[in-house]
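Dear colleague,

Please find the structure below, followed by a short account of what was found in it.

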Amino acid sequence: MGIPSADWLVRPIGPVDEAEVSAVLAERFGVTGTVHDLGSQQDRNYRVRTETGDYVLKIANPASDPAALRAQCAAVERLADASGLRLPRAHAGVDGEVVQRLSAGGVELVCRLLDYVPGEPIMDSRYLAPPVVARLGELAGRVVAGLADFAGVEQERPQLWDLRNALTVVETLAPHLPDQERAARVLRASRAAHTLLEPFVDRLPVQVIHGDVTDNNVVCEPAADGRRMPVGVIDFGDLGLGWTVAELAVTCASVLHHHGAGPASVLPAVHAFHAVRPLANEEVDALWPLVVLRTSVMVVSGQYDTLLDPGNSYASVALDREWAMFEAAVSVPAEVMTAQLRHALGRPSAQLLPVAEHTLLPGLPDDVASLDLSVSSEELHTGRWLAPDAETALARATLAAGHTAVRTRHGEFRLTRTIVDDSVPAATCALGVELHLTGPAEIRAPWAGTVTRHGDTGVTLHTGGLDLLLDGVDAEVQPGPVVSGRRLGTVAAREGVRVLGIQLFRSCATGDRPPRFAPPELAAGWLEVCPDPTRLFLAPDAPDASSSAPYDAPLSARDAQQAITEAELLERREHSFATVQEHYFETPPQIERGWRHHLVDTRGRGYLDMLNNVTILGHGHPGLGEAVHRQWRRLNTNSRFHYASVVELSERITGLLPAELDTVFLVNSGSEAVDLALRLAWAATGRQDVVAVEEAYHGWTYASDAVSTSIADNPNALASRPPWVHTVAAPNSYRGRHRGPQARRYAPEAAARIRELADQGRPLAAFVCEPYYGNAGGMALPDGYLRQVYEATRDVGGLCVADEVQVGYGRLGSHFWGFEQQGVVPDIVTVAKAMGNGHPLGAVITRRDIADAYRTQGYFFSSAGGSPVSSVVGLTVLDALRDEDLQTNAREIGAHLKGRLLELAERHALIGAVHGSGLYLGVEFVRDRESLEPATEETAAICDRLRELGVIVQPTSDRQCVLKIKPPLCLTRRSADVFADALDDVLTHGW
């Protein structure tokens, strides 16, 4: 096989003997130290360790121009003074020159001694979080801004990595590559990208650029959350004149091989670059074609280097990485990515559609019904949207109701396309429409063009750069030119159904056909390339026609409105909703739909809900919805009226508890339940002092907040307690004062504290505690803890309050109530959350004598507590728990999930412990298993990454280093595995 020749093709140099390297260091630079070969694609780099510091001896390829090397050193000095980056500054040799000559293996070479820039690169394929990608873009922007008027490059010589030469490089090298199938793909993509680039080549700004600000040429230091954040730039070997925007293209391309990356992953880099050095419109339009060209050059040059130097492991190892970049770059048409970039920077195009001279379906009636397949659809309920034929079924039902035609909506994020239990966002945005008909309908060309056929029932009308794609046509026209209004055929009937798919598509340089649906993250770009065809068959004044953008509006207008909805809503929330009522995640998805243990945002993205212990039955429970609907239509009032449901609910609750707990108060929340429990204890004992466990949360009312000691919920909790609240140590057997077997000491110490208070004249009214330690992350209390503490409390005349707000109702799997696990019976039980499956409903259950004592305080009344609707909710939840055997499911699926998590702990050192039982679990992250230093920032970052993978989970505990795993009890084994696999992915590939 012949090797091509060109002045920009450089033959890599072989290794230089380390003894020769040491001699050069001593003779030319006066430096002695140990030498280690760092590897390189074309040059040779050696790390030099000395007693005074570390350096890199960079031996340049014979083709390198010494003047260019001096220019690199000057550029570094320029940036070092202006950018604040860590940079490889050059050290002059003993003769005062930064570039020194040497002879190795009979070849004359030049070298430089540079500062070793501390830090680690990120060229491995681990996941890059958006903040890391943004920092890469920022660094690229700072470099080009710092070099904007740098004139140190003496002459312009064609270079391999100068993207102005990209197509020439690819066309020269591709014919000589061993894999000609790949070479052909790269050639096609490069030529298509070059075609898109040609209109801008004379208008793109040119300056001196680094040319290689990539994951391999930045150094990073770990941030608090464990992410490696770029802080410096190295290797100025590709410095030279080039398009300014090429610097960003090179950076973006380097992101694409990382785990989980796709074209949309580069958007943070583009935003950050633009903030430092604003992009002109033509630069935005050129950016993605340049990314494609950059990845193409990398593929062909990488294979070329392995041909020249088969033993160069540095080059050969990179081949798969370079191919992955290319595959990602061409996975979306460049025109789509350009539209997406314009949209992201607030610069949507204003392209117009040609005027339709004829109606596509002239016999279609004006009253075409519109299907609502969105996430907010009222027609898709009780999970029917998950059915494979949900769209067809709804269309047929609408036709059966008397309509002759039904259409879907363009640009709609369809709930019917949502996929659950998958880490990859589904393609949910409709890029066309479907028309469902009861009878035959003729199809005519809306404008003149050329017809081609695809498949048995596909027709495409080409008009300039626009294609009209029709699927479901009994075609009558032959391929070739047609005039406007020409009859193309009729809507085909298949199995008694007539469905016509209609899609417009602005033809792409690659010639690819568009998909029918786009993923949410690229919807804006695809919608600009696939404009709305609705007006081709629906008159502008027809019902519901306003949902489509008019022909004379920018094609992205509809999508722009949808895209800003979430941001606008969040901004409105910040203005009208108290910000202390925080939301999950910094940029939260807008959740508008739920079903069982899944949530769906407005763009059709499905999420696995591993957090929502409020909805114990799951979201959208049909039985609960129907029961509430019936009762609300019938009656809703307060519990002073006499009706059956409040009696039935009270009896059902007491029937689930020990016999002595026979009296119920109904309230609206867990906070109110704990508050009332304490007031009952005060009334029954005539005292006020309460002992609470540290690091616990009980609510936000006056009394429940007073006994809440969690500093995660209130940083001043320990300092702001009223004098009647006393605390005992958190019985945390993992990281508390007593650990492992020594945790048995917590109970005697707590009991002693209770007796000590009584001896001091402050006998307790109550001891309040979660019977399964929730705030710590779902941790069992030490065996016998409550038995000993309850005994001490009762010895001094106090009452024992079990806060079952989080753990009650079978979540543990092994027990219905948490206190059962401890083998005790409390005097007062509080419950909420699960009791109403998200409806505001709580209860306090106690003995009759304690309940009657409240009369000394007056009477008790809660307007909505125990209302007819609330009571029906409570009864329906209990029915579903029983009939669906959810406690058993919690036990079995929880055991399986805990087993998976324990297995992850064996492989990932960040997991310090797995706590809990049933579906009341916690995964505790630590930086060190000996010191148990909490991995707080890492936990938050892991939750963000899990959300990107379609899992909703949040941190808990005072240290915020425990994953709170308390999903609806209907969780399936499949979904438990999806969560465990996603967590494994994050811990393996980064966050």
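Where pLDDT is low, the predicted coordinates should not be read in detail. The average pLDDT for the protein is 92, and 95% of the residues score at least 70.

As this is a predicted model, local features need pLDDT of at least 70 and side-chain atom pairs count only at pLDDT 80 or more, while totals for chains, interfaces and linings use all residues. Residues are numbered from 1 along each chain as its sequence is written, and side-chain values use heavy atoms, with hydrogens and water left out.

The protein has 25 helices and 41 strands, which are DSSP runs numbered from the N terminus (helices H or I, at least four residues; strands E, at least two). Of its 991 residues, 57% are buried, that is, under 20% relative accessible area with a 1.4 Å probe, protein chains only.

The axes of α24 (residues 936-948) and α25 (residues 973-989) come within 10 Å and cross at roughly 125 degrees; axes are lines fitted to C-alpha atoms over the stretch in contact, and angles run from 0 to 180 degrees between N-to-C directions. In the contact, I942, R945 and L946 of α24 meet F979, A982, L983, D985, V986 and L987 of α25.

With kind regards

Terms used: Contact = heavy atoms within 4.5 Å. pLDDT = per-residue confidence, 0-100. Buried < 20%, exposed > 50% of the residue type's maximum accessible area, 1.4 Å probe, protein only.
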